[in-house]
Amino acid sequence: MNRLRRLALLAALVIAAPVVAVTAGPPAPAAAADQLTQLKDFYNANDASKGYVDLSQTDVSYLRASQATFGGSGLTQNGDEKAYAHGDPVTGWNSTSQSFSWEVHNTTAGAFVVNVLLQNGSGTITVSDGPNTVTKTYSGVDNGYSWGNWNKTDYGQLTIPAGTSTITIAATTQPSVSMGLLSLELTPASQQSTIAAAVAAGKSKATWMKNSPLGAMYQWGQWGAYPDGSQPAWPTVYENADFDALAARDKAMGATYVVWSITWTQYYIAAPISAVDAVLPGRTTSHDYLQDMLTAYHNQGMRVMFYYHAGHDDNPNLDWWNAFWGVSPDGHYAQKADAINRWMNIVSEIGNRYGTQLDGWMFDDGPTYYPSPTALVNAAVRAGNPDRMISFNTNWNSPRLTDYEDFTFGESNDGTRYPVDANGVITAGGFVGEQAFGNNNMDCGDWGVRTGDTGSISTCRSGVDMTSFAQKAAAAHVSQAMNKRMWSDLTQSPDSVANFTQGAHTAAAQYPTATIDDGDAAVSYTGTWENRNPGGCYADTCHNIRSQGASASLTFTGSGITWNSIIGPDQGKADVYIDDDFVQSVDLYDPNRSVNAPVLTRGLPYGSHTITVVTADDSWVTIDGFGVQTAQVLDDGDPAIAYSNGWQSSDPGGCFHNTCHNVKAAGASATVSFSGTGITWNAITGSDQGQASVSVDGGAAQTVNLVQSDRSVGVPVFTARGLTEGDHTLTVTTANDSWVTIDSFTVSHASTIDDSSSAVTYSGNWQDSNPGGCHDDTCHNIQSAGASAEVAFTGTGITFNSIIGNDQGAVEVYVDGVLDRTVNLYNSHRTVGAPVYTRYGLAPGAHTLKVVADDSAWVSVDSFSVTG
């Protein structure tokens with residue numbers, strides 16, 4: 001992803017330059033006038049270039065380092081000592097002789113809460129207004145758990161008198177490292193609780209991201225190329241796109257959502273957006289291709305977030321950039337209020353157009369929008385869907401830029417950047433309280449294909465790497481959007497598709513959550529429930545009732561349950577029982593409406609359970625669905641695990657539920673007792689790790705080598721499967737004096753149907769052979785398009801275990817006679833017994849799964865694993 005070049009940042013944040021009108025297309029919509037007035041008032045008040053900042057008595061005021069009066073020497077802005085007003089942080093703060101000062105005008109004397117946006121905070125820092133001071137002393141260097149070691153720190157309340165005064169920030173002890181300063185944010189103390197309540201009410205209530213380990217991301221659009229490097233004329237690339245096929249492919253890979261770039265290196269939006277036309281005509285389409293894309297993905301049950309870039313200050317995008325910022329012939333830029341007004345008009349029109357179909361925004365180059373009136377901006381970016389999730393990319397030069405942000409942009413976050421709780425929520429630093437998130441490159445090279453690119457697209461992540469990556473994401477609840485390069489004809493690297501598939505499906509099998517929809521036969525109702533969709537319900541259906549004493553029940557097998565409902569001003573209360581025991585009274589009332597909201601979650605001992613929801617009044621109560629945790633995960637502190645002497649409980653970062661047991665001594669042991677048909681040991685691999693032997697039920701030991709050049713947490717290092725259903729033990733014994741770690745164990749309760757079982761029927765000339773490593777030493781193989789294998793089973797889920805490799809083809813998978821997806825078995829690395837397809841959430845009872853060879857390459861059936 002490209003950062004804006006320096007001229008772009010100058011343009012983005014200069015707010016005091018002369019305004020020169022530029023005519024670019026039709027006038028902006030009249031409805032934006034009041035919004036524009038509010039923006040101009042905000043930027044005029046916070047513009048220190050006029051000599052002072054007017055402090056707000058109702059909202060946050062911003063003292064930007066770039067507009068401060070510098071004390072001392074050595075403070076630098078963009079490599080020089082000129083404090084240009086374009087909003088970049090000021091660096092080179094390494095002495096007690098340096099300071100930043102601003103003149104402020106305050107209409108009413110009072111206390112203001114001071115938040116400092118600081119890089120590498122160290123020593124003692126003091127903020128003062130004459131005799132009044134607030135001080136923060138850092139122990140060591142504050143890394144902020146963010147890219148660039150930025151943090152946003154509450155320094156306490158500073159009393160500021162009425163009238164004119166000077167705010168100064170300075171180091172009163174020698175900093176141990178060179179620091180950077182972006183701004184001071186001053187909030188009237190009397191308004192802090194009101195503002196905090198508005199932020200809490202204005203943020204998304206959606207929690208889907210924590211249970212979505214992998215998504216696909218595409219920076220694909222007008223800027224791209226066909227494999228020969230040529231660029232199609234606008235909007236041919238969208239006209240020719242088969243979004244149904246692409247969405248089906250992403251679903252088959254195991255992605256649960258997609259991040260779609262509607263702009264990137266060039267600014268073209270493939271939909272009829274009048275607010276874009278108002279800036280510069282010719283950059284939109286009369287047909288809504290984005291709606292075609294959204295429909296295709298939603299038909300696959302996948303969520304969609306939009307990636308958005310404001311543009312670049314060079315060709316071929318210069319015309320858009322100049323029109324957006326309002327460039328005069330001599331190169332000056334208009335006030336920032338006009339550009340932010342145009343942006344808000346664009347994103348609010350898009351948001352209202354797509355409503356709940358648009359699940360999130362990812363705004364790149366977030367400093368472009370800082371500072372801004374956050375409540376006003378929040379209303380624009382959530383237009384049409386109050387539960388739309390929002391993130392701004394801070395690049396390298398700040399912590400979070402708005403408290404309304406829901407998740408971290410996460411560029412290059414491998415899942416270990418932030419400390420998180422059991423739900424993946426960040427617990428400390430510059431992004432505390434946000435959902436941790438990462439977006440990383442799957443393929444080598446740039447984030448997207450650009451016009452002129454030729455040659456092949458190659459992946460930089462193997463199937464083994466992706467399996468580890470996906471399992472860590474699932475265990476920590478830190479979702480990862482894997483950016484995949486794609487030609488204009490929608491073709492991708494076959495290895496990239498196969499490796500993503502391997503990782504996603506393995507993670508789904510290890511940490512599965514089955515979604516039981518409200519209309520599923522497993523859910524039973526008493527009372528006159530209505531089956532309707534008020535908008536936004538999962539699979540477009542909800543059951544609703546307005547009658548006290550009605551009930552809905554689900555019997556399930558698993559280790560946890562979540563009830564998803566609607567909260568809102570017209571919703572009532574319900575009592576929840578699990579296994580006939582009262583658990584909680586749930587109040588669904590909320591002044592802000594949210595659909596598919598998780599209103600109750602309970603962890604349970606693995607087994608069969610029944611949840612019952614009973615309405616407690618005559619207001620609306622809704623069943624949107626239930627999420628069942630179908631795996632049994634034993635954390636390292638579970639009483640089922642017995643440790644010998646020497647083990648310690650700690651969190652080196654990224655452990656499941658933030659704890660691991662570690663030991664650094666030969667002969668130490670850990671024994672887990674479990675009941676099931678298989679178990680996986682999840683550990684840490686790295687250059688400081690050692691070796692251990694693993695034995696199941698006292699049998700022959702197998703050596704596991706934990707030494708790897710790169711460090712990974714939550715890695716599945718040993719799996720035993722095919723055990724008889726019942727009680728078992730697994731013992732880990734350290735083999736040397738290097739570190740060995742127990743993060744967790746995942747217990748499976750599947751019954752295995754071998755390829756040679758009578759439950760499997762074949763059509764075509766399948767060979768019964770063992771190419772090495774097959775379950776029970778047999779696999780069925782064939783090289784014939786149209787050949788099929790069908791298994792009959794009883795349960796709620798199934799996994800198809802096959803062979804992946806460079807000689808393998810693709811199969812269509814049918815469940816109960818309905819095509820579910822196409823699975824690509826091609827991979828440059830060969831793996832036998834790979835879980836290539838998993839389906840959970842079936843109604844309890846009899847089902848069939850059928851695989852049909854899609855081409856004449858090899859297809860193998862190793863076994864099937866049935867759950868429930």
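Q: Are Cys 774 and Cys 779 buried or exposed?
A: In this predicted model, Cys 774 and Cys 779 form a disulfide, with sulfur atoms 2.1 Å apart. Buried means under 20% relative accessible area. Cys 774 and Cys 779 are both buried.

Q: Which hand does the disulfide of Cys 774 and Cys 779 have?
A: Look at the torsion about the S-S bond. The angle is about -110 degrees, so the disulfide of Cys 774 and Cys 779 is left-handed.

Q: How many disulfides does a search of the whole structure find?
A: Cys 537 and Cys 542 form one, their sulfur atoms 2.0 Å apart. Cys 444 and Cys 460 form another, at 1.8 Å. The whole-structure search finds 3.

Q: What is the relative accessible area of Cys 542?
A: Its partner in the disulfide is Cys 537. Cys 537 counts as buried at 5% relative accessibility. Cys 542 is buried too, with a relative accessible area of 0%.

Q: How many residues apart in sequence are the parts that Cys 444 and Cys 460 tie together?
A: The link of Cys 444 and Cys 460 is right-handed, with 125 degrees about the S-S bond. Both cysteines lie in the loop between strand 17 and helix 11, so the pair ties together parts separated in sequence by 16 residues.

Q: Which residue stands opposite Val 811 in strand 48?
A: Strand 47 (residues 810-815) and strand 48 (residues 818-824) run antiparallel, joined by 6 bridges. In their hairpin, Asp 816 takes a positive phi near 55 degrees. Opposite Val 811 stands Val 823.

Conventions
Residues numbered from 1 in each chain as written. Predicted model: local features only at pLDDT ≥ 70, side-chain atom pairs only at ≥ 80, totals over all residues. Heavy atoms only, no water. Pairing = 2+ DSSP bridges. Helix = DSSP H or I, 4+ residues; strand = E, 2+ residues; numbered from the N terminus. Disulfide = S-S within 2.5 Å. Buried < 20%, exposed > 50% of the residue type's maximum accessible area, 1.4 Å probe, protein only.
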